[in-house]
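Hi,

Here is the structure I promised to pass on. Have a look at it first, and my notes on what turned up follow below.

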Amino acid sequence: MTNPTIEAIVDRVLEEAKRFAHENSGDPGMSHTFGYFTDHPVARLNRERLSLTLTEIAERAPGGARLLDMGCGGGLFTAAFAASGFRTAGVDLAPEEIARAHRFAEKMKVEPALFEGDLQAADWMPKVEEALGGRPEVVFYGYCLHHLPDVPDHLRSLGEWLPGGSIVVVNEENPRSPTWFLKNALRSVIQRDTKEEHQLSHKKWSALFAAAGFEPVGKVRGVDMLPGVPIGARWSQVYSYRKT
Ligand SMILES: C[S@@+](CC[C@H](N)C(=O)[O-])C[C@H]1O[C@@H](n2cnc3c(N)ncnc32)[C@H](O)[C@@H]1O
């Protein structure tokens, strides 16, 4: 069942994202946050992953909760969180992404706190805490965790920082998905792009989270390009952990 409030926010964010992408079509770095949500063939998948993420968070956190978007990129999800009423902050390594996130937030008429920072360090944590008025109650990773060179070390410092009971929501591509595997195989042939991907299955992420004091909560949600794919094999998955 879909939530009409969430779907209205998704519609608005995607409409603005499309305009933003067209207005900035000369900016090649727009593609991975905004281009994929507009005319790209995987746009439908991305619409659903935004919708699933907002649904998952709405089920686990009260409106107005302090929320941190890790590796926020150009801030599309960040703006959606802020527009949903969360006290929102975003952190990203890339200054150009943070600059885009500021411009997109302005377009969306929301004011998340945005910081340039390396998730592999912890120097941005006090700034986020001050901006949110406390430690986050919800942390979100959108296609970000697999970029980090040392996930166990990052999760250890996250676990030390977050209060017990806080929720971490993860959205990652699923290496057990046949359609995702096929997409990567086609990309490596057509685009001659042999970039290594480090996405892990839900089971493997869960083992890393468990070692840092987080337990899985709720069920895995997922979307795929094809209909009828079982959740465990879907391309893009959303799932949560609770700090014990
Ligand atoms: C695929 S993009 C995802 C952007 C956004 N979360 C989304 O779902 O649309 C991954 C982002 O992670 C950021 N990133 C990668 N390594 C990082 C690090 N060590 N610290 C902070 N951000 C990082 C990148 O700059 C990039 O913006």
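Counting contacts in the chain with a separation of 6 or more, 71% come from residues 24 or more positions apart. Please keep in mind that this is a predicted model.

On overall dimensions, the C-alpha trace spans about 45 × 40 × 35 Å along its principal axes. A compact globule of 244 residues would have a radius of gyration near 18 Å, and the chain's 17 Å agrees with that. Of those 244 residues, 43% count as buried. The secondary structure comprises eight helices and seven strands.

Let me start with α3, residues 76-83. How many of its residues are buried? The count is eight of eight, so to speak a helix that is mostly covered. The buried residues are L76, F77, T78, A79, A80, F81, A82 and A83. Their cover includes the helices α1 (4-23), α2 (43-60) and α4 (95-108), along with the strands β1, β2 and β4 (138-142). After α3 comes G85, with a positive phi near 100°.

Leaving aside residues up to four places away in sequence, A80 touches I9, V13, L50 and L54.

Next is α5, residues 125-132, where the buried residues are M125, V128 and L132. Viewed down the helix axis, these buried residues fall within an arc of 65°, so they line one face of α5. P126 and E130, on the other side of α5, are exposed. What do the buried residues of α5 pack against? Their partners are the strands β1 (66-70), β2 (87-92) and β3 (113-116), together with helix α6 (151-161). Just after α5, G133 takes a positive phi of about 75°.

Best wishes

Notes. Residues are numbered from 1 along each chain as its sequence is written. This is a predicted model: local features need pLDDT of at least 70, side-chain atom pairs count only at pLDDT 80 or more; totals for chains, interfaces and linings use all residues. Two residues are in contact if their C-beta atoms, placed from the backbone, lie within 7 Å. Helices (H or I, at least four residues) and strands (E, at least two) are DSSP runs, numbered from the N terminus. The radius of gyration is taken over C-alpha atoms; the globule rule is 2.2 Å times the number of residues to the power 0.38. A residue is buried if 20 or more other C-beta atoms lie within 10 Å of its own, exposed if 12 or fewer, and partly exposed in between; C-beta atoms are placed from the backbone. The arc is that of the directions from the helix axis to the C-beta atoms.
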